[in-house]
Amino acid sequence: MAGEPAFDPGDGTLRSVLRAKFHKATVTQADPDYVGSITIDINLTEKVGLWANEKVLVASNTSGARLETSVIEGERGSGKICMNGPAAHLIAAGEEVVIMAFEYTDEPIVPKVILVDGENNFVRYLTEEDQH
């Protein structure tokens with residue numbers, strides 16, 4: 001609007017922005033008896049810089065379900081994406097999901113976004129243009 005000050009990205013306001021994202025991951029297991037969280041192959045967590053115990057948003061492309069949980073590092077090279085505990089009641093094995101992590105920052109950042117294949121193997125990094 002006319003007369004409003006322009007956004008100043010360095011004004012100290014913290015915003016939650018996308019920092020990391022997995023596209024087209026396939027849930028390989030759903031274990032409602034496990035204590036909780038999402039288990040992710042450590043090869044994938046390292047590609048986008050996710051830490052163990054970091055909060056993530058998981059959105060199912062299959063069912064539309066969305067939930068927040070924390071990361072457990074899974075066996076390297078396993079391709080494992082396992083919904084654990086209550087999350088396993090919302091997102092089942094075989095569903096295609098997007099996994100996202102966010103960061104509070106007062107500056108714009110470029111997220112690390114990866115595409116995986118049907119067996120959760122890294123395919124490539126995606127650019128902003130790829131996502132439009």
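Which residue in β5 is the bridge partner of T39? Select T39 and look across to β5: the partner is I72.

This is a predicted model, where local features need pLDDT of at least 70, side-chain atom pairs count only at pLDDT 80 or more, and totals for chains, interfaces and linings use all residues. Residues are numbered from 1 along each chain as its sequence is written, and side-chain values use heavy atoms, with hydrogens and water left out.

**Stop 1: the sheet**

Stay with β3 and β5. They run parallel and are joined by four bridges. Strands here are DSSP runs (E, at least two residues), helices likewise (H or I, at least four), numbered from the N terminus. Two strands pair if DSSP finds at least two bridges between them.

Now show every strand of the sheet. Nine strands form an open sheet with mixed pairing, in the order β2-β6-β3-β5-β4-β7-β1-β8-β9. β2 (29-31) and β9 (122-125) are the edges; each has a single partner strand, so one side of each lacks a neighbour in the sheet. Neighbouring strands are turned by 30° against each other on average, direction ignored (axes are lines fitted to C-alpha atoms).

**Stop 2: around β7**

Select β7 with β1. The two pair in the antiparallel sense over nine bridges. Pick T26: its bridge partner in β7 is E96. A59 stands opposite V98 in β7.

**Stop 3: the core**

Select I40, L50, V58, M83 and I99. These have the most contacts inside the largest nonpolar core, which has 24 residues. Such a core is a set of buried Ala, Val, Leu, Ile, Met, Phe, Trp, Tyr and Cys residues joined through side-chain atoms within 4.5 Å. Elements giving two or more residues to this core include α1 (42-48), β1 (15-26) and β7 (96-105).

Centre on M83. Leaving aside neighbours within four places in sequence, its contacts (heavy atoms within 4.5 Å) include V27, D31, V58, L67 and I91.

**Stop 4**

Select F122 and Y125: the ring centres are 5.1 Å apart and the planes at 65°, so the pair is edge-to-face. Rings of Phe, Tyr and Trp (its six-membered ring) pair if their centres lie within 6.5 Å; planes under 30 degrees apart count as stacked, over 60 as edge-to-face and the rest as tilted.

F122 is partly exposed at 30% relative accessible area, and Y125 is partly exposed at 41%. Buried means under 20%, exposed over 50%, partly exposed in between (1.4 Å probe, protein chains only).

Key
Axes fitted to C-alpha atoms, helices over the stretch in contact; angles between N-to-C directions.
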